[in-house]
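Hi,

Here is the structure for you to look over. My notes follow below it.

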Amino acid sequence: MSVIVDGGLYREEDFMLKSLFPEALIADRNAFVLVVGGIMVFVACLSMVCGLLSARFAAIAGQGFAKNLRTNLLAKIQGFSFANTDRFSTPSLITRATTDVNAVRNSMHQLLRTLTRSPIMLIMATVMAFTISARLALIFLVAIPLLAAVLFILIKIGQPRFRKMLIRMDDMNRAVQENLVSSRVVKAFVRGKYESERFENTAEDLRQATLSSSRLFTMTGPIQMGIMWLCTVLLLLLGGREIIFKTTGLLTGELISMVSYATQAVNSLTMLSWLVMSMSRAQASLVRINEVFDEKEDIADGPSDAEVRDGSVDFEDVCFSYSGDAEKLALKNITLHIHSGETVGVIGGTGEGKSTLVNLIPRFYDTLSGTVKVGGLDVKEYSLKALRRGVSMVLQNGSLFSGTIADNLRWGKQDATEQEMKDACAVACADEFIDRFPDGYETVLEQDAANLSGGQKQRMRIARAVIKQPKILILDDSTSAVDMATDEHIRRALRTSLPGTTKIIIAQRIASIMTCDRIIVLDEGRLSDIGTHSDLMQRSSIYREVYDSQMRQEAKTNA
Ligand SMILES: Nc1ncnc2c1ncn2[C@@H]1O[C@H](COP(=O)(O)OP(=O)(O)O)[C@@H](O)[C@H]1O
Ligand SMILES: [Mg+2]
């Protein structure tokens, strides 16, 4: 707004001046400048306060929104089955809960800040320009759609680039996770250099993808400036001619106002276009977040409220595939019956389907065809809580949590007494090392129990499973890192302290399962044979081969 009243810059009947100020004040120029100047300072301050408040409220709303979104996302992921998690992969779920939520929050923040202000400024500037000179204001009508079209094209190009960038971000998180979680393994195998190179490639891919998408952002600025200057030049050119040749009644002051309105309009449009760009980036993230919310949890509670009655397990012609593809079966037509209280060993080479077989018992996965029964009832009938109360599993690579040893044991039984903890640890042979810690059961474990040895971790996990007093106890290769004598000791303790519990023991060492009531031999997802040690030594060539090779090896190490 120009306040110069002299020299015919404004017509006397200029509506603002006339409506706002009395004639007498306009006549006294000094007073007029002071009054109008004062009003302008006041309005500027008011605008600044509003701007600050708007920024603050937008930040509060954005952060609250992000928190709610994350909480809900995590609650949803908690309900995921193993298969659900496999479909997304953990690193991708991490990116979605962090980077993607941040992108949406940013855009929401920007939306709150600009959505009311910019359109109002844009419309007001255009309307004001039209009241001064409808002919010159037509330039606005050309410039605005032109800008909009350019933006539309940029967004069209941008969307796939944003998606690609986010996928690279997944890769990056995967690389970071692998390197940090397995940093000890990386060191042990002296793979540091190789891993660094691999990491550098991932980082480079992310850099390129990010640059390629942000290049669009950086292009919007110059394009907008270009259009703004073009408008100004056109306005000055056309308006200037009108003034010089007096073809219309346009005044110099009015032309200056027109230019300032044009700047305002384009600025508002710039703000809006930043918003649209950020929304288009957030859109890519929103899609990824929604994929998580839309994912159907494929394992849900069954209708029955029964508890697991006994430890019998039945497989009736069970086929299973991780991909759901009947061509790629991980388990093929397994039929077997395990009595309650029986101790069953499972043996087979790596990748033959041992873990897969036992994963079906607590219903970590559902069968492709056939039925798995626990305690005589289809596992799909139980509520997951009841089923998993009855079935305790020591996962092949299960984790311990940061917290004390006692905290970790309470994962198995929330209200476990000190005696119960001691008993469970005695069965798992964990008491001997826990008693040696100065803080005993209150010893704090680091994340993933990094301050325990592999064998100690395994014994902790066994204790955590035993304290549940389950109907069925599954040990998936859970004593691979403990010495033979301790292994033997644990097995004997399990037999005496959990006599009624069905025990299913997967092991690589044949000595660990030799004494089981029966032994299952798996071969490429098929039940190759089942029987006692002496039965299998007679009948099963696979079993005999494993036995011979392990005995030979043992003889060699003893020699
Ligand atoms: N989460 C998974 N997703 C896809 N395939 C898997 C998954 N886990 C295991 N497999 C595949 O299923 C087969 C059996 O694996 P598993 O039961 O873990 O063998 P193991 O006998 O060593 O415990 C293997 O070929 C393995 O590659
Ligand atoms: Mg396994």
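The C-alpha centres of domain 1 and domain 2 lie 56 Å apart. Domain 1 covers 6–294, and domain 2 covers 313–558. Please keep in mind that this is a predicted model.

Helix 3

Helix 3 takes in residues 29–78, which makes 50 residues. From its first C-alpha to its last, helix 3 reaches 72 Å. That is close to the 74 Å expected at 1.5 Å a residue. Helix 3 is also hardly covered. Of its 50 residues, the count of buried ones is one.

Strands 1, 4 and 5

Strand 1 (residues 313–320) and strand 4 (residues 369–374) run antiparallel, joined by five bridges. Phe-315 has Val-372 of strand 4 as its bridge partner. Strand 4 also runs antiparallel to strand 5 (residues 377–378), with two bridges between them. Here Lys-373 has Asp-378 of strand 5 as its bridge partner. Strands 4 and 5 form a hairpin with two residues between the strands. In that hairpin, Gly-375 takes a positive phi near 60°.

Ligand 1

Which residues are around ligand 1? They are Asp-86, Tyr-322, Ala-330, Gly-348, Thr-350, Gly-351, Glu-352, Gly-353, Lys-354, Ser-355 and Thr-356. Helix 11 (residues 354–359) gives the largest share of this shell, three residues. By class, the shell has two nonpolar, six polar and three charged residues.

Best wishes

Methods. Residues numbered from 1 in each chain as written. Chains lettered and ligands numbered in written order. Predicted model: local features only at pLDDT ≥ 70, side-chain atom pairs only at ≥ 80, totals over all residues. Near = placed C-beta within 6 Å. Helix = DSSP H or I, 4+ residues; strand = E, 2+ residues; numbered from the N terminus. Nonpolar A, V, L, I, M, F, W, Y, C, P; charged D, E, K, R; others polar. Expected span 1.5 Å × (residues − 1). Buried ≥ 20, exposed ≤ 12 C-beta atoms within 10 Å, placed from the backbone. Domains from an automatic or database assignment. Pairing = 2+ DSSP bridges.
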